[in-house]
Amino acid sequence: MGKKRKHTATEAAASLKKDETAEERPKRTLLGWKNNDEDDKIQNGSVGFRNKEKVLVTCSRRISFRYRHLMLNLVDLLPHCKKDNKVESKESKGATLNELVELKSCSSCLFFECRKGKDLYLWMAKCPNGPSVKFLVNAVHTMEELKLTGNHLKGSRPILTFSSNFDKKPHFQLLKEMITQIFGTPKDHRKSKPYHDNIFVFSITDDHIWFRNYQISCPQSGGQKIDRGDLEKMTLVEVGPRFCLNPIKIFGGSFGGPTLFENPFYVSPNQIRSLEKKQKAGKYAKKVKAKTRRKMHEMENPLEVDEFADMWKE
C-alpha cells in the first residue's frame, strides 16, 4: 500500500489564499436567504419592528346561519387569523377565551356572541392585558347575500381607511388603533400576498361604525399600463360583506375589567322589543275601552219601547 503524499509549502499557501477569497454562503431561513450583515444587526439591536399579529376568530354556540356566514367572510378576509371551535356563552367565557388565545399563540380575539338567536354582539379584545370592546352588530349583509360584482385576490393585504371623525373623540381614537392592529395584515406574513388590491373602509355615522370592503379596479386595454399615481383611471368596486358596529362599552382588561367608556345613547334590543309589544298591547287596550264605553252608553241611553214590537208574535 502506497504512502500518502505530503502537502508541500506551495500547496498549503494556495489553499489558504482560496479560503481567504471564498465568500461564506448565506444561511437559508423561512423568509429567504440571510446574510451575516443581518446577524450583526440583530446582535447590535438595530433591527426594526416586525409585526407578528395573529387574531383568533370564534363564536358562541346556537349562532344563526347568517351570522356564521359573516364570521366566515371575515376569516377569508384576514389571512393572519385562526379559526377555533364554538365557545359556550357564559359568565366565565373571558377566562376560556384568554386560554384559547394563549394556546393558539395569538395576540387578539374576535368573538361573535349570539343571544336569543336574534342579537349579535362582537367582542374585540387584545389579549391577555386588554383593552376590549363590546359592539352590537346591525345591518348584516354577507357576500353570498349581496352578490356584488367586486372580486379581489384571497390573502392580499388591505388598505385601511378611516373617516376624519375617528380623531375627534378619545374613545374613537382607541377604537381606530385596535381596528388597525386587528384588521391590518402583517407584512411578510406567510399566508398573505405582497401587494394591495382591496380597501377596508371604516366610517362613523350617528356614532356607529360602518364597514365596507372595496376592490381596487384598474381598467387595462391591451398592453397599455397605468402610470403610477394616475388615480383617475382607478375605480372602487364593492365586494362585501357589510355590517354596522354600535359600541356599547370599552373595558380596561381582556373581556372585562374597569369600564373606560360607556355609550349613553345605547338602547338594548330587548328594550326595543318590549316597547313594540307595549305599543301592540296599547291597541288591544283601546279596543277593550271602546267596548266598555259602548256598553255604558247603551245602559245610560236605553231605547224607547216600540208599540208594534209584539204585534206579529200573536
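This is a predicted model: local features need pLDDT of at least 70, side-chain atom pairs count only at pLDDT 80 or more; totals for chains, interfaces and linings use all residues.

A: Happy to! Lys291 counts as exposed because its relative accessible area is 60%, and the cut-off for exposed is over 50%.

Now turn to the backbone. Most residues other than glycine have a negative phi, and most peptide bonds are trans. Ser105 has a positive phi of about 55 degrees, though it is not a glycine. You will find Ser105 in the loop between helix 4 (93-103) and strand 5 (108-115), and it is partly exposed at 45% relative accessibility. Asp206 also shows a positive phi of about 55 degrees without being a glycine. Its loop runs between strand 9 (193-205) and strand 10 (208-217), and Asp206 is exposed, with a relative accessible area of 66%.

Next come the cis peptide bonds. One leads from Cys127 to Pro128, and Pro128 lies in the loop between strand 6 (119-126) and strand 7 (132-141). Another joins Gly240 and Pro241, with Pro241 in the loop between strand 11 (235-238) and strand 12 (242-253).

Last, the cysteines. A disulfide needs two cysteine sulfur atoms within 2.5 Å, and the count here is zero. For Cys81, the nearest cysteine sulfur, that of Cys106, is 8.7 Å away. Cys114 is buried at 8% relative accessibility, and its sulfur is too far for a bond because the closest cysteine sulfur, in Cys59, is 9.1 Å away.

Key
Residues are numbered from 1 along each chain as its sequence is written. Side-chain values use heavy atoms; hydrogens and water are left out. Buried means under 20% relative accessible area, exposed over 50%, partly exposed in between (1.4 Å probe, protein chains only). Helices (H or I, at least four residues) and strands (E, at least two) are DSSP runs, numbered from the N terminus.
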